[in-house]
Amino acid sequence: MAEVLVTGGAGFIGSHLVDALLADGRTVVVLDDFSTGHAENLPDHPGLRVVRGDVRDAALLAELAEAHAFEEVHHLAAIASVARSIEDPVATLSVNTEGSVRLATWAARSLPGLKRFVFASSAATYGSEVRVPTRESDPGRPDAPYGLEKATVERYLELLARTEGLPAVCARFFNVYGPRQDPSSPYSGVLSIVTRALHDGRPFTVHGDGGQTRDFVYVADVVAALTTLARQPDAVGGTFNVGTGREASLLEVVDLLESVAGRELERTHGPPRAGDIRRSVADVTALRGLGWRPERSLRDGLTALWAATC
Ligand code: NAD
Ligand code: UD1
């Protein structure tokens, strides 16, 4: 039976995707090294096999190709942190770029029934010099290694699509939030950190003045985008922003979360973070053209996040 491979499936976004695929009756294999993912994110389900391993492990990939008939690959495994990539660019290059090139080359050459290879790229590929809202065709210049690593993978996928027929699609996620985003590291997504601070009654440090903006997109909308990109024939060979088109400053979002939670957060301000983008918001016309719509307002998404935290 045709199967779906989800790399990074024990992580925040990957585990929500796995839930959706299983609910749709698909058979799923997760490949994850559990460096930031957690076993508790995954259900005990007869349609799910969990493989602990590294996407850079060629022998393991060969075994997986022998054992399974994958028709769809969602590649989400990565070190998903802009700040970490500035601190240790060689480590993130190895996982984010080398790991992705290895996996994509393996998929092109070892999976004869493959219909789609969906890559979790990032808005960080644009950098801060682009116009906002940003379109996929706008020329990007990443401000941090992480964005360059993702942009480089996109170029490799275009090459593999042209030369080896890889049915690749790139999904450029903006700032994804929702339940299961791990708040435990200073590199974690900001809304997971804010929510935890509010819950535990601890102070939250805003990097800079808090006027930096982001396009915060709820995780269920991202999962719907991924399943749309895997299903729609017109998506093959394309690159798609996955955001909402709504720009919100960090302070606005913190205020809204306080109002949803009915609690006040103690805030302090520190220096701006190196490599931080000032404004970020997606033009999502292309993805809307495939029939996808972001369903959650920021208030609804924060309400769901807060409910899951309590
Ligand atoms: P996450 O850290 O929760 O998930 C990443 C998963 O990959 C983890 O389960 C981790 O254990 C696994 N992993 C890391 N290195 C691995 C390796 N070498 N081999 C196998 N597994 C490995 O992060 P997330 O927020 O769920 O991000 C998922 C994907 O989406 C990443 O590719 C990330 O770059 C991308 N992305 C995320 C956001 C966001 O806002 N969260 C935005 C843009 C892009
Ligand atoms: C995030 C993603 C990255 C993705 C990018 C796409 C995470 C960890 N990173 O990066 O994978 O490619 O979106 O747009 O999900 N901040 C604070 N205080 C804190 C933590 C953060 O003020 O304690 C600020 C940051 O300085 C930044 C903003 O909040 O201005 C968002 O930070 P973060 O959640 O780390 O996301 P990005 O760097 O935008």
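Glu87 is located in helix α3, which comprises residues 82–87; helices (H or I, at least four residues) and strands (E, at least two) are DSSP runs, numbered from the N terminus. The structure is a predicted model, in which local features need pLDDT of at least 70 and side-chain atom pairs count only at pLDDT 80 or more, whereas totals for chains, interfaces and linings use all residues. Residues are numbered from 1 along each chain as its sequence is written, chains are lettered from A and ligands numbered from 1 in the order in which they are written, and side-chain values use heavy atoms, with hydrogens and water left out.

Glu87 has a relative accessible area of 61% and is therefore exposed (buried means under 20% relative accessible area, exposed over 50%, partly exposed in between, with a 1.4 Å probe and protein chains only). A distance of 25 Å separates the C-alpha atom of Glu87 from that of Ser249, and the two residues lie 162 residues apart along the chain.

The chain contains ten helices and 13 strands. Its radius of gyration of 19 Å is close to the 19 Å that the globule rule gives for 310 residues, so the chain is as compact as a globular protein of that length; the radius is taken over C-alpha atoms, and the rule is 2.2 Å times the number of residues to the power 0.38. The C-alpha trace spans about 55 × 45 × 40 Å along its principal axes. Of the 310 residues, 53% are buried. Among contacts (heavy atoms within 4.5 Å) between residues at least 6 apart in sequence, 77% join residues at least 24 apart.

An oxygen atom of the ligand lies 2.6 Å from an N or O atom in the side chain of Asp32. A nitrogen atom of the ligand is 3.1 Å from a polar backbone atom of Asp33, and a nitrogen atom is likewise 3.1 Å from an N or O atom in the side chain of Asp54. The protein covers 92% of the 820 Å² of accessible area that ligand 1 has on its own (Shrake-Rupley method, 1.4 Å probe).

Notes. A polar contact is a pair of N or O atoms within 3.5 Å; within protein, one must be able to donate a hydrogen and the other to accept it, and residues adjacent in sequence count only if both atoms are side-chain atoms.
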